[in-house]
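Hello,

Here is the structure you asked about. My notes on it follow below.

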Amino acid sequence: MSTVDIDIPPQAGAPRGSASAEPRGHRLRLGDPIFRGLATASGVFLAVAMVGLGVVLVIDSWPAITGLGTKMLTTVAWSPSTGEYGALAALVGTFLSTIVAMIIAVPLALVIALLLVELVHPKVARVVGTVIEMLASIPSIVFGMVGIFTIVPFMQDHVVPWVLSTPLGKVPGIEPGPNYAGGGVSVFTAGVVLAFMVLPFITAVSRDVMKMVPQVTKEAGYGLGSTTWEVMRKISLRYANSGIVGAIFIGFGRALGETMAVAFLIGSVFTALPHSVFDPGTSIASLIALTFSEATDKLQISALIELGLILFVLTIVFQIAAQAWLRRVQRVTGGRA
Amino acid sequence: MQHSTRVRLLLGVAALLAVVAMAIGAAACGSSSSSSSSASATPAGTPSPTLTPVQMQSGTNVGAGATFPAPIYLKWGDAYNTAKGVKLNYQPIGSGGGIAAIEAKLVNFGASDAPLQEADLTANGLAQFPMIVGGDVVVVHLNGVADGQLKLTADVLASIYMGKTTMWNDPSITKLNPGLTLPATKITVVHRSDSSGTTWIFTHYLTAAAPSVWTAGADKVVPWPIGIGGNGSAGVATSVQQLSGSIGYVEYAYAKQTGMTTTQLQNKAGTWVKPSIASFTAAAANANWKASLPSMYVVLVDQPGADSWPITGASFILVQKSQSDAAIAKQMFAWFDWNYTSGASAATALDYVPIPANVYTLVQKQVWSTVTANGSPVWP
Amino acid sequence: MSAVAETPQAPQMAPMRRRSVTGRKAADLVVKVFSWVGALFGIAVMAFVLYEVMIRGLKAWNVAFFTQTWPLDPMSTSGGMANAIVGTIIITAGAALIAIPIGFMAGVYLAEYGRNGRVATSIRMVTNVVMGVPSIIVGVFAFAILVKPLQHYSGFAGSVALAFLMLPVMARTTEDILNLVPNELRESGLAMGAPRWRVTLRVICKAARGGLITGATLAVVRVAGETAPLLFTALSSPYWITGLFGSGGYFGGPVANMTKSIWDGAQSPYPHMQALAWGGALFIMVFILGLNILVRVLFQRGKEW
C-alpha cells in the first residue's frame, strides 16, 4: 500500500493526465496503475456493453431481417400462426401517438417556460421549476394507471363524442375509421398521457435555455420599448432555438420508447391501421411488451427483436439529432444546455 | 517496464478477472438452479445431483400460463401452502406464454387452455394432461341490462366480433331481446391482445356454431377484424368494466367474482342457457378422454345436451417428460395429486368442473407414467 | 420605435411597418393570458395525477399493506405489497452495486485520464447515444443473455437490466461533476506527492461529494420505477425472497417487485387488487419524489455547482 511521500521531489504542478503525474519514489507503486487500469477497464466496459446491446439485437433479429425483408415495415398482417409479421400498424401507431403528444406538449412547455422566465417572481419560478423537475421522475406505470381509470372513461363518455359532434369530426385523421372503439382507448388518449409525461422535461430544458439568454440583450430590447412577447419572440426564442429543438428531439425520442403507459391506453390492435387518432392502435414498445413472453416460434421471437432493433435505431437517430442541435447551443451561447 | 505497458498489462488482467468472475457466476447460477432445466441429458443410471439444503427449503413450484384457470390454481396453491408448506408461484401470462415458458424450460410447469397436438408434444418432449374444466362467458357493459338478461345467438355474436353488427340496437339483437331497451350506441368489441387459450376456446365455438359468419379462424391468436385488445382475462374484464357499451369474453370466475353482466347463449340443442357449474358439467360430460390419449386433446365447445354451456373448455398442464430434478418433480406432482383428490370443493365454489376420478386414473396411468427423472418415473 | 436614420446617403430600406402600440400591447396581453392559462392547465393536470394517486393510494395504505405478502386469492381483502417492496429494494440495490462502482470509475476515466483522447471520445459518443434507449429493449437484452441461456427467471437478471440503464447516467454525471472540480485541487494534491489515485479518491471526490451522491441517487431513482425491464427478467412472485439460490432466491427464480405487481394489479378487475396497485403506485411516487427532494435539500447545489 503506497503512502504519501513527504520528501517532496520536484514534481509539483504536473499537468493532469500526463504520464509523469506519478511522483517518483523508490517504492513499488502499484496503486496508480491499478487505479488507472480499473478506470480504463470500466470506461471500456461501458462502451462495450452499450455496443454489445446493439450487436445482440442485430444478431438475434437477423433471421427476421433476412426472412421478412421489407414486409416487416410495409405490411399490416401480424399473424404468428401463418408466420406473417408486418409491423406497419405498430410503426404508424408509435409515430401518431408521439406526434399527438408533441403537438400538445411543446406549446404547453414553451408557454410554461415563458411564464417561469419572464412573468413570475423568481422565487415562485424556482419552486414551480423544482416541482416540474420532480414530476419528470413519476414512473410510466403511474401515468398508465391514472390514464386507464380516470382519463379513458372521461374520453369515452365526454371528450370524444363531443369532438365528433363538431365539424372537426369530419376532418380526415379525426373522423373515426372502421376500427373505432369509442375513443376511450385510442391513439389520442395514449398521446395525451404521453404529452404529460414528456412535458416536464421539455419545460425544464426550455426554461434553462431561455434563462441563458444574456440579460443585457433582453434589457436592451425592453429599453427600446418592446413588449414581453416581442422580447421573447425576437430575442429569447432566437437564442434558445437550438436548445429547445434539441429538447424536442429528446422528448420525441423518449415518447417513442414509452411502454407501460401506452400499453394500457392504446388498444393493442396489432392487425389494423388506425385511420384516425380516435381509433385504437398499438406501438412498437407495447407490442413487444405484451407479446414477447409468449413467442415460441423462432421467427416470431426474431421479428419482435427486429422491432426492438428498429425502435433502438429510431431512438438513436433522435438522440444524435438532439446532440447535434445542442452542440449548436454551446457554440452560440458558450455554455452547456 | 514502461508506464503505458504496465497500464495495458493491468487492463488485461482486470478484463481477464472480470471474464473469469462472470463465468464462475454463470456456472454457479446454472448448477444451483432448481427449475427443471435439463439441457444436457444425463445418461440413465447416474445419480441425481445432490441438492443443497437451500433448494429443498425453497419448495416453490414455479408455473406460468393461462389466465382461464388462474383463479382456481391460485386458490389451490394458497390452500396447499397452508396444508403442506409448499408454495406455488403461478404467473398468469396467457396460454401462449405458458407454452413458450415450458418449451424453454423456464418454469416447472406450463398451463394452457389450448392443448398441443401429439406432434408438438413429441417434438418438445412434453407431457400434457387436463387439470380442470371451466366455461368462457360473454360479458357486456350496458346500463339497464342485468346479469343473465341479454340473449345472444352464435350468429349474432360472430357478427358482432366480425364487425358486421356495430350497434347495440341492431335489429338482430333487439329481435332476440324484446323485453330490453338497447341503446343506439356503437358496440365496443374487446378481445385478447395476448396469445390466449380463452381465445382458442372462444373462436373454436364461433367456428363450430356460426361457420357462415365467423371466418377469422380458431386459434390462440386470430386476425381480429375489429376490437381492442385486453391483456389477459383480467385485462379484458377491466376494459369492459371501464368502457360503457363494450362486450368481451372471459372465464366465468372473473365475471362472477366481480359482478359483471353475463349473457345467455343458445346451445346446440337450441336451449337458452346461463353459465353455471351445472351447464359446464353437462357439456363436460360429453368428453371422450380415453379416445383422446395420448395427447388428451379435447375440444368441449358446442356440445350436445339440453343443458350444455356452449363455450366450455378444459385447461391443461404441460410438463417436461424428462425432469432434471427428481425432488422438485415429485414435489410438483404431489401438488397436482392434491388438486385432483382434495381440490374439488374449492373448484366447484368457483364454478369450475373438477376432473372426475376415473379420468384422473387415466391421467396417472397413461400420462404421468411417461414422466421420468433420471430414468425412473416420477409418480407415484 | 425610433425613426429611420436620416442621412442623405441612406440606403433604400423598406419602409417601417406602421404597427400600432395598442396592437402590440394586445398581442402581448393575449400571449400573457395564454401563458397563464396554459401553465395553469399543465400544472393542473400534473396536480390531478398526483391527487388521484394520493387519494386512491392512501385508501390502500394500512398495516396489512406494509406487512403482508401479495394475496394469492384475488378475492381476498387481506394481503399487501410487503414482499414486493422488499423485492424492489433488493433488485434495485443489486443494480446499484453493479452500476455505481463501474459507472463511477468510467466517469473517473472520462474526466481524469481519457479526457479528450480518442478512446474517451468514442466512449462518450457511444454512451450518449445509447443513453436514451427504451427500457423494454434492455429487458429483452437481459432476457437474451441471462434468462434464456440459464433457463430460469431471476431477480439478478432484473438487476442487470436496471444496471444497464443506470451505467451511462452514472458515468455521465460523474464525469460532469468531476470536470467541475477546479484543477488547482488536483495540482495541489499531486504537488504534495500523493499518488494519483489517492488524489482522485480522497481529494477530488471529497470535494465533489455532493454532486456525486446526487448523481448516484438520481440514477437509482430513475430505475426504481421501471417496469418494462423486469417483465421478462424478474417476473414476479407472491412470496418473500427465500435466499440467494433456489427457485425462490435472488439468483435462481422470479422475485417480487413493486412495478410488475402494480402492472398486474392495475389490469385486474378485482377491486382489492386495483387498490393494492394504487397503494403501490403511491408508495413508489412518494419514494421517488422523497429521494429527489432529499438530495436537493441536502446537497443544495442542484444544477449550479
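**Notes on the model**

In chain B, strand 15 (residues 372-373) and strand 16 pair in the antiparallel sense over two bridges. Within that pairing, A373(B) has S376(B) of strand 16 as its bridge partner. Both strands belong to an open sheet of three strands in chain B, ordered 13-15-16, with mixed pairing. Strand 13 (322-323) and strand 16 (376-377) of chain B are its edge strands, each pairing on one side only. Please keep in mind that this is a predicted model.

Also in chain B, T153(B) lies in the loop between strand 5 (151-152) and helix 6 (154-162). T153(B) counts as buried because its relative accessibility is 13%, and the cut-off for buried is under 20%. Apart from neighbours within four places in sequence, T153(B) is in contact with L176(B), Q266(B) and W272(B).

The other item is the interface of chain C and chain A. Chain C brings 89 residues to the contact and chain A brings 88. About 8000 Å² is buried between the two chains, and carbon and sulfur atoms give 76% of that area. M46(C), W197(C) and W263(C) supply 8% of the area that chain C buries against chain A, more than any other three residues.

One salt bridge is found across this interface: the side chains of E230(A) and R24(C) meet at 2.7 Å, N to O. On the side of chain C that touches chain A, helix 1 (residues 21-60) gives the most, with 21 residues. The residues on that side divide into 58 nonpolar, 16 polar and 15 charged.

Regards

Notes: Residues are numbered from 1 along each chain as its sequence is written. Chains are lettered from A and ligands numbered from 1 in the order in which they are written. This is a predicted model: local features need pLDDT of at least 70, side-chain atom pairs count only at pLDDT 80 or more; totals for chains, interfaces and linings use all residues. Side-chain values use heavy atoms; hydrogens and water are left out. Two strands pair if DSSP finds at least two bridges between them. Helices (H or I, at least four residues) and strands (E, at least two) are DSSP runs, numbered from the N terminus. Buried means under 20% relative accessible area, exposed over 50%, partly exposed in between (1.4 Å probe, protein chains only). Contact means heavy atoms within 4.5 Å. Buried area is the accessible area (1.4 Å probe) that two parts lose on being put together, summed over both. A salt bridge is a side-chain nitrogen of Lys or Arg within 4 Å of a carboxyl oxygen of Asp or Glu. Ala, Val, Leu, Ile, Met, Phe, Trp, Tyr, Cys and Pro count as nonpolar, Asp, Glu, Lys and Arg as charged, and the others, Gly among them, as polar.
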